Amino acid sequence: MQHSIKDDYINSLKNYTNQFKDTNFRRIACNDFKSWPGPREETWRLSRLGSLSRKKIKPINPNFKKNNTNTSKLNGSTIIQFIDGAFREDLSSDMPSGVNLSILGDSESLEYLQKIKKSNLSNHPSTNASLSCTPSIMKLTVTKDTKVKDFFEIIYEGGENSQSVHPVLYIELKENSSLYLIERFNHLTSLAMPLQLTELRNKASLNSIKIFNDYKETHNLSANCAYLSEKSNLNSFSLIKGGIFTRSETHAYLNGCGAKLNLNGIYISGNKQHHDLTTAIYHDVSDCTSKQIVRGVLGGKSTGVFQGKVKVAKHAQRTDGQQMSRAILLSDSASANAKPELEIYADDVICAHGATVGELDDDQLFYLNSRGVPMNKAREILIKAFLEDIINQSVDKSLHNFVFKEAELALSSILTKEKSYNETL
């Protein structure tokens, strides 16, 4: 009986794609979804999907009359709106000069599928499920030599209980172009499976902020694939604070000399939340740089995971790859797992990784307490400083307050609950 329940979602995908030809990208993707990742698969061992695979969930039929409930939080930004996984032109902004937003046709969608399948996300459940059921693949293109001044804000929302949503996005920055992108995930659905492919051409630059704040019962399995060309620059920051289970997985391929990647993130977890930041960075050519800084704050019975892999090919000399993960536990029942990994085949490299998990520093707490700062306030001060440091390094100064307030809201909720619990002891 359990096996039939676990297959129920896959059967729903097959029923949906039966209307398409065998050569359609949806049918191909669906045929590749054999099963959910199991606990014996190394990359999913710390983030198990057993409870999700036993749920009865079906892909949603988007409601194109549904109105948006989340408005822009940035003055003057260009809005791209997704509801129920579908792009909503009626609720989105007009694109500025040099930026195009289009729907991919069947042949272009097949090319998109093939690019994802060449990556190590080929068997990710979001790759196969979202390409099976997405209403359309949207492509955001910044033309050559275009420097977009305004922020772009993509808002993902909608969904219903016992249903899944499948927004799929293709971002292409042409040579010497630049864009600042903020994505906000606010789904109300049981399962969200965002899929994103990013290609940066020579000397292109993308700054990206992702804020995961889905409904408390939502599972979000976000899959991201990025290809960096010569002297391109990707600066990505993720803040995970919502959903019962959120996993943001990013695979980045540094294919051009002089490419630079910053892949930073924060997870703030409470109650029984499970938050996972998984990354894999592939240095395939020489003279590239990648840096990862991840920080977590955990309360209640929550769990956090950071899995970071850096693979340096034989000819990728003069690679600089750095990883650092730190997590603070506010509760004896919370736990954090860090799994940094280096796989190096070149000999002229500078690569390092590190991970720490612990409580707040007693000496620092004593110092603040001895100067009249109440213990709860002292804890709050130290945690905010812990988070603000990475935010300062990761986002534009003009967005600092916006990002910090988003983190502060989640932190305040956790600290309030921990304070109430401690007062009952």
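These legends walk through several close-up views of the structure above.

The model is predicted, so to speak of local features a pLDDT of at least 70 is needed and side-chain atom pairs count only at pLDDT 80 or more, while totals for chains, interfaces and linings use all residues. Residues are numbered from 1 along each chain as its sequence is written, and side-chain values use heavy atoms, with hydrogens and water left out.

**View 1. Strand E8 and its two partners.** Helices (H or I, at least four residues) and strands (E, at least two) are DSSP runs, numbered from the N terminus. E8 is joined to strand E5 (residues 137–142) by 6 bridges, and the two run parallel; two strands pair if DSSP finds at least two bridges between them. Here Thr141 stands opposite Glu172. Strand E11 (residues 195–200) is also parallel to E8, again with 6 bridges, and Leu195 of E11 is found opposite Val168.

**View 2. Strand E9, covered on both faces.** In strand E9 (residues 178–187), 10 of its 10 residues are buried. One side carries Ser178, Tyr180, Ile182, Arg184 and Asn186, and the other carries Leu179, Leu181, Glu183, Phe185 and His187. Strand E6 (residues 152–158) runs parallel to E9 and is joined to it by 7 bridges, with Phe152 opposite Leu181. E9 also pairs in the parallel sense with strand E12 (residues 205–212), over 8 bridges; look for Phe185 opposite Phe212.

**View 3. Leu173 and the nonpolar cores.** A nonpolar core is a set of buried Ala, Val, Leu, Ile, Met, Phe, Trp, Tyr and Cys residues joined through side-chain atoms within 4.5 Å. The largest has 42 residues, and Leu173 is among those with the most contacts inside it, along with Phe152, Leu179, Leu228, Leu261 and Tyr267. A second, separate core of 34 residues includes Tyr180, Ile328, Val403 and Ala407. Leaving aside neighbours within four places in sequence, the contacts of Leu173 include Val142, Leu179, Leu200 and Leu206, where contact means heavy atoms within 4.5 Å.

**View 4. Ser229 in its loop.** Ser229 lies in the loop between strand E13 (219–228) and strand E14 (233–240). A polar atom of the Ser229 side chain lies 2.9 Å from the backbone oxygen of Leu200. Not counting residues up to four places away in sequence, Ser229 touches Leu200, Arg201, Asn202, Gly256 and Ala259.

**View 5. The two ends of helix H6.** At the start of H6 (residues 362–370), a side-chain oxygen of Asp361 reaches to within 2.8 Å of the backbone nitrogen of Asp363. After the helix comes Gly372, with a positive phi near 90 degrees.

**View 6. The largest pocket.** A pocket is an open set of points on a 1 Å grid over the protein atoms alone, with protein on both sides within 12 Å along at least five of seven lines; lining residues have an atom within 4 Å of a point. The largest pocket holds about 750 Å³ of space, the volume being that filled by probe spheres set on the points, which are joined across faces, edges and corners. Of its 35 lining residues, the closest to its centre are Asn271, Gly299, Gly300, Ile414 and Glu418. H6 and helix H8 (400–424) are the elements that give two or more residues to the lining, and H8 gives the most, with 8 residues.

Technical notes:
A polar contact is a pair of N or O atoms within 3.5 Å; within protein, one must be able to donate a hydrogen and the other to accept it, and residues adjacent in sequence count only if both atoms are side-chain atoms. Buried means under 20% relative accessible area, exposed over 50%, partly exposed in between (1.4 Å probe, protein chains only). On a 1 Å grid over the protein atoms alone, a cavity is a set of points where a 1.4 Å probe fits but cannot get out, and a pocket is an open set with protein on both sides within 12 Å along at least five of seven lines; lining residues have an atom within 4 Å of a point.
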